[in-house]
Amino acid sequence: MNKDNSAINQRQRLLKHLKKHGSITSNEARVQLDIYHPPARIKELRDDGNKIDTVWVTWTSEYDTKHRIAKYVLPESQPLDHLKHGEVSS
C-alpha cells in the first residue's frame with residue numbers, strides 16, 4: 001500500500017475501489033483502504049461531482065454487536081440495491 005495517506009490519496013483509493021467493486025462500507029474503507037473517516041472522503045468526492053449513494057446496512061462486529069453503518073454505492077453498479085432506506089421502487 002502507498003504510504004501517502006493524504007486526503008487526495010484517500011479519495012483516489014476510495015474512488016478506484018468504488019469503480020472496480022461498485023460499493024464499499026465505511027468499515028471496509030477503514031480496514032481495507034486505511035481511510036479513518038470515510039464520510040469526509042465521500043463528501044469530497046461528491047463535491048467533485050461524483051454521484052455516490054448511501055445505503056444503510058447492518059454490520060455485526062467480531063464481538064457479535066450489530067451496528068448500522070453506511071454502504072457507499074455507485075448508482076450504475078447495482079440496479080436495485082442503490083435505494084436509500086425507506087424508498088420504494090415503482
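Select helix H2, residues 26-33: its buried residues are Ser26, Ala29 and Leu33. Buried means under 20% relative accessible area with a 1.4 Å probe, protein chains only. Helices are DSSP runs of H or I with at least four residues, strands are E runs of at least two, and both are numbered from the N terminus.

Look down the axis of H2. The buried residues fall within an arc of 75 degrees, so they line one face of the helix. That arc is taken over the directions from the helix axis to the C-beta atoms. An α-helix has 3.6 residues a turn, so residues three or four places apart point the same way.

This is a predicted model: local features need pLDDT of at least 70, side-chain atom pairs count only at pLDDT 80 or more, and totals for chains, interfaces and linings use all residues. Residues are numbered from 1 along each chain as its sequence is written, and side-chain values use heavy atoms, leaving out hydrogens and water.

Next, show what H2 packs against. Its buried residues pack against helix H1 (7-21), strand S1 (23-25), helix H3 (38-47) and strand S3 (66-73). Contact means heavy atoms within 4.5 Å. Then step past the end of H2 to aspartate 34, which follows the helix and has a positive phi, near 60 degrees.

Now select the strands. Three of them form an open sheet in the order S1-S3-S2, with antiparallel pairing. Two strands pair if DSSP finds at least two bridges between them. S1 and strand S2 (53-60) stand at the edges with a single partner strand each, so one side of each is left without a neighbour in the sheet. Neighbouring strands are turned by 30 degrees against each other on average, direction ignored.

Zoom in on S1 and S3. Three bridges join these antiparallel strands. Pick isoleucine 24: its bridge partner in S3 is tyrosine 72.

Axes are lines fitted to C-alpha atoms, for helices over the stretch in contact; angles run from 0 to 180 degrees between N-to-C directions.

Finally, show the whole chain. It has three helices and three strands, running α-β-α-α-β-β from the N terminus on. Of its 90 residues, 36% count as buried. Among contacts with a separation of 6 or more, 47% join residues 24 or more positions apart.

Key:
Buried means under 20% relative accessible area, exposed over 50%, partly exposed in between (1.4 Å probe, protein chains only).
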